[in-house]
Amino acid sequence: NQPGVLIQIYEGERSQTKDNNLLGRFELAGIPPAPRGVPQVNVCFDIDANGILNVSAEDKSTGQTTKITITNDKGRLSKDDIDRMVADAEKYKSEDEQHKKKVASKTQVENYAYNMR
């Protein structure tokens, strides 16, 4: 049971966050404690014509909402950085797929163990 959810926003092409660029983070707090898998949080991404990213998260049970605005002026990747990340994504595609399968298997085992309690 946790009273909040940390929402982190990344840009990049890779499956692991360590290989991507963190744009921002915020916490959706004040949600009622509930067992694992029960809370439902709706996260919405909106990019306007100026490239400004608005991210909001809402707890469906309480209507509690929090949002963040990420502008183009700081912490964003350059065109060269983006090209490099896209090339790396292609280069490491098979490794990323293997990692996804490993994480999915681990999650499945954890969920099975949790449900056995």
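Predicted model: local features only at pLDDT ≥ 70, side-chain atom pairs only at ≥ 80, totals over all residues.
Which residues does Gly4 touch, not counting residues up to four places away in sequence?

Residues are numbered from 1 along each chain as its sequence is written, and side-chain values use heavy atoms, with hydrogens and water left out.

Okay, back to Gly4. Its partners are Glu27, Leu28, Ala29 and Ile31, again setting aside residues up to four places away in sequence; a contact here is heavy atoms within 4.5 Å. Gly4 sits in strand E1, and at 10% relative accessibility it counts as buried. The cut-offs are under 20% relative accessible area for buried, over 50% for exposed, and partly exposed in between, using a 1.4 Å probe and protein chains only. Now jump along the chain to Lys79: that is 75 residues from Gly4, and the two C-alpha atoms are separated by 35 Å.

Strand E1 also holds Glu11, which is buried too, with a relative accessible area of 14%. Glu11 and Leu22 are 11 residues apart in sequence, and C-alpha to C-alpha they are 6.6 Å apart in space.

So what does the whole chain look like? There are two helices and five strands, and reading along the sequence you get β-β-β-β-β-α-α. The radius of gyration is 17 Å, well over the 13 Å that the globule rule gives for 117 residues, so the chain is more spread out than a compact globule. That radius is taken over C-alpha atoms, and the rule is 2.2 Å times the number of residues to the power 0.38.

If you put the C-alpha atoms in a box along the principal axes, the box is roughly 50 × 35 × 15 Å. Of the 117 residues, 21% are buried. And among contacts with a separation of 6 or more, 49% are between residues 24 or more positions apart.

Next, the inside. In soluble globular proteins, nonpolar side chains tend to be buried together. Here the largest nonpolar core has 12 residues: Val5, Ile7, Ile9, Leu23, Phe26, Leu28, Ile31, Leu53, Val55, Ala57, Ile68 and Ile70. Take Ala57 as an example: not counting residues up to four places away in sequence, its contacts include Ile7, Phe26, Leu28 and Val41.

Now to the pocket. Which residues line the largest pocket? They are Glu13, Arg14, Ser15, Val86, Ala89, Glu90, Lys93, Asp96, Glu97 and Lys100. Helix H1 (79-91) and helix H2 (93-116) are the elements that give two or more residues to that lining, and H2 has the largest share, with four. By type, the lining is two nonpolar, one polar and seven charged. The volume is about 160 Å³.

Asp96, from that lining, is in helix H2 and is buried, at 6% relative accessible area. Leaving aside neighbours within four places in sequence, Asp96 is in contact with Arg14, Ser15 and Gln16.

Lys100 is another lining residue in helix H2, but at 46% relative accessibility Lys100 counts as partly exposed. Its C-alpha atom and that of Glu58, 42 residues away along the chain, are separated by 27 Å.

Last stop, Ala113, also in helix H2. Ala113 is partly exposed, with a relative accessible area of 43%. Points join across faces, edges and corners, and the volume is the space filled by probe spheres set on them. Asp, Glu, Lys and Arg count as charged, Ala, Val, Leu, Ile, Met, Phe, Trp, Tyr, Cys and Pro as nonpolar, and the others as polar.

How values were computed:
1 Å grid on protein atoms, 1.4 Å probe; cavity = no way out; pocket = protein on both sides within 12 Å on 5 of 7 lines; lining within 4 Å. Core = buried A, V, L, I, M, F, W, Y, C linked by side-chain atoms within 4.5 Å.
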